[in-house]
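Welcome! Have a look at the sequence and the 3D structure below, and then we will walk through them together.

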Amino acid sequence: MKVRSEEYSYVGLQLLDLRLPEAHEMKELIRSKMNMAKAGISGEVRVDRVFNKYSFPFEYVVLHDVSLELYGKFQMDTLFLTPYFAVILESKNIGGKLSFKENPSLLERANEEGKVDVFESPEVQIERNTYLLDEWLKQKGVTIPIYGVIVLTNSKVRVIEPPTKYNAILHQTIPVYLRNIPREKQCISSKDMNALSKEIITNNKPYFPYPMCSRWGIHPNDLYTGVLCEKCETFGMGKRKNGWNCMRCGHVDRLAHEKAIREWFVLVGETINNRQCRKFLHINSHHVASRLLQSMDLIRTGTSQSNIEYKWKW
């Protein structure tokens, strides 16, 4: 009933990597986080394919990428809901030799070269999400068993020390795992299950990690400014009557400013004014900047020329 939304963190990291100079001190970290986010998306796609391919001999609803709010926000990669139980599936696209440690709870991964990386324990994530989902459902008058499972989506994974509180399974075995969960007591009707699913979708609150500069402690002045030519990937397209012209390859794009202004909201600030627009897009005319901002579907605030600002409609 719910597919995955745009991966906002990955998009933000991509744009941050694009506008950060190669010599910037945060470049390597941002690129590393971007690659990790991309791997996570690839793993979630593998889980999606399983649910697109298989069905189950009982009624159920699959909701991907669910973000709810209770004592703060909590996010679930996949929620499998039935009249008998609910299952939180936490996807991990991590290769290598995995060891699930206790005291403290963490996940160690040793790669082929023997290098050991440490991650937050998926068991802690599931335990937190299980508690918060249970509390959220109780507030809706629903009491139902909630299971949690760690889904390993990387084909080059070996579990050396398995988790102790929750099962870890390969994504190919999701159908077997779900079919083997006991269905002894029906907690809600099929009608209530579908109504609850719709309420979850209505209450879904996507997480926006923007603006990325403040999130990562990067000064906006460190970024490349200007309008990007998507053909030769050079910043600094010039505004002409026929649109935006690339000084390097001659490519013309009538709406190139729209992507650049969106990047401002992703990277720099929650609002933009005329002066900031002119500086970021490399244009001199107050009138042209005003016309470009007004041509987009932005939220305008302020009454006089001196305090007019625009916000993006997320």
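In what order do the four strands of the open sheet stand? The order is S6-S5-S4-S8, and the pairing is mixed. This is a predicted model, in which local features need pLDDT of at least 70 and side-chain atom pairs count only at pLDDT 80 or more, while totals for chains, interfaces and linings use all residues. Residues are numbered from 1 along each chain as its sequence is written, and side-chain values use heavy atoms, leaving out hydrogens and water.

**The sheet**
- Strands here are DSSP runs (E, at least two residues), and helices are too (H or I, at least four), numbered from the N terminus.
- Two strands pair if DSSP finds at least two bridges between them.
- Strand S6 (116-120) and strand S8 (157-161) each have a single partner strand, so one side of each lacks a neighbour in the sheet.
- S4 (residues 96-101) and S8 run parallel and are joined by four bridges; Lys97 has Arg158 in S8 as its bridge partner.

**The cores**
- A nonpolar core is a set of buried Ala, Val, Leu, Ile, Met, Phe, Trp, Tyr and Cys residues joined through side-chain atoms within 4.5 Å, where buried means under 20% relative accessible area (1.4 Å probe, protein chains only).
- The largest nonpolar core has 41 residues, and Leu16, Trp244, Leu267 and Leu281 have the most contacts inside it.
- Several helices give two or more residues to this core, including H1 (8-19) and H7 (256-267); H7 gives the most, with seven residues.
- A second, separate core of 22 residues includes Leu68, Leu79, Leu81 and Leu132.

Methods: Buried < 20%, exposed > 50% of the residue type's maximum accessible area, 1.4 Å probe, protein only.
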